[in-house]
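Please keep the sequence and the 3D view at hand while reading.

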Amino acid sequence: MKITDVETTILRLPEVLANGDGLQDTLLVEIHTDEGITGVGEAHTVPLVLKAVIDAPISQLTGQGLRQMLIGEDPRRINALWKKMYEKSCTYGRRGVVIHAISAIDMALWDILGKVAGQPVHALLGGATTDRLRCYASDLTPSDEDGIVALAERHLSAGFTAMKFGWGGLGSSVREDAKWVARLRETLGDAPDIMIDMGVPVTLDDALWLCDALADQGVAFLEEPLSPDDLEGFARLTEMSRTPIATGEKETTRHGFRDLIDRGGLRIVQPDIARCGGITETIRVATLAETRKVDVIPHCWASDILVAATAHCLATFDRPRYLEFNATDNPLKTDLLVEPIRQVDGYVEVPTGPGLGVEINRETVERFRWTPEDA
């Protein structure tokens, strides 16, 4: 079996707003083979930049576009191809957007391998420890307290037993943030797990104050309260905070996560399979974390392709905690698959079909297909 093409398609909503919703566009990657089997993946970052990384012609030995490295290769040699892409892009890569592009390709390669074997990806990773995953509703924070409470009650009535609010007006005043979280807990009671995602960094002093306030409300974790580069700050915060701290959605490769854990002191890390290096690197990160007794709760804010890939990985963990579930009404999330992934009573079933177990809805692809000429 040989790879014949790496096809990239930018999907983009008709109107893109600077509102913190990271799923307004995405890059669909499809790897075609000479045996008619196609694998799908996606990367969660700036799609036009990703497309250039994949499609670029050779510049130098360690500065090549990813597509030309893969044509003619056997897609089942996933580890070897990951190493090849990493090494031959190392002049301009090693972190950031190049790893994001590798993530999408890696996801598609695992989809091919599963289809060839007639097995779901989780079976190829050693087998699932569970057939369903507890998920939390992940949503953007409304601008007012009443709106936040109403949204939380809606998620509760939809069956979610855990929910996370992020971005929006968070971080402008940690005291106001603590105030509405307290009202949320008072309204909802003790039952649902509540998580908070700052989205933007605050000062260490503000983060410490907020963590103390959130601990009184039993918040499950506070996500990304500091700059992703502030490892010293994270080390101090995690040591002093009564509220668990989580971060990692912007990090790439096992090397970056090793720094977060060993230098930053994180006890919860959040690799995004569509950013950190794909399924291959996520499993490496999870193994690294497990040896240090660190929880892995993947970041998952893209289409159902990523949800499926995340579910496959998470299902193989010794102690899977949560599957992040984008609860916004967004067609790139809800309509990209022929059979969209849905939650029932706060749980998502782990896909059982070959590969990722997903089929792309071609009508949705054509509806949101975008090229630079459309700008």
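Predicted model: local features only at pLDDT ≥ 70, side-chain atom pairs only at ≥ 80, totals over all residues.

A search of the whole structure finds five aromatic pairs. One of them joins Tyr-136 and Tyr-322, and because their ring planes stand at 85°, which is over the 60 degrees required, this pair counts as edge-to-face, with 5.7 Å between the ring centres. Tyr-136 belongs to strand S4, residues 132-140, whereas Tyr-322 sits in the loop between helix H12 (304-314) and strand S11 (323-326), so the pair ties together parts that are 186 residues apart in sequence. Both Tyr-136 and Tyr-322 are buried.

Another pair brings together Phe-160 and Phe-325, whose planes meet at 50° and whose centres are 6.1 Å apart, so the arrangement is described as tilted. Phe-160 is found in the loop between helix H6 (145-157) and strand S5 (162-166), while Phe-325 is part of strand S11, and the pair therefore ties together parts that lie 165 residues apart in sequence.

| Charged residue | Ring | Distance from the ring centre |
|---|---|---|
| Arg-12 | Trp-370 | 5.1 Å |
| Arg-284 | Trp-82 | 5.2 Å |

In these cases Arg-12 lies over the face of Trp-370, and Arg-284 lies over the face of Trp-82.

Technical notes. Residues numbered from 1 in each chain as written. Heavy atoms only, no water. Phe/Tyr/Trp six-rings, centres within 6.5 Å; stacked < 30°, edge-to-face > 60°. Helix = DSSP H or I, 4+ residues; strand = E, 2+ residues; numbered from the N terminus. Buried < 20%, exposed > 50% of the residue type's maximum accessible area, 1.4 Å probe, protein only. Lys NZ or Arg CZ within 6 Å of the ring centre and 35° of its normal.
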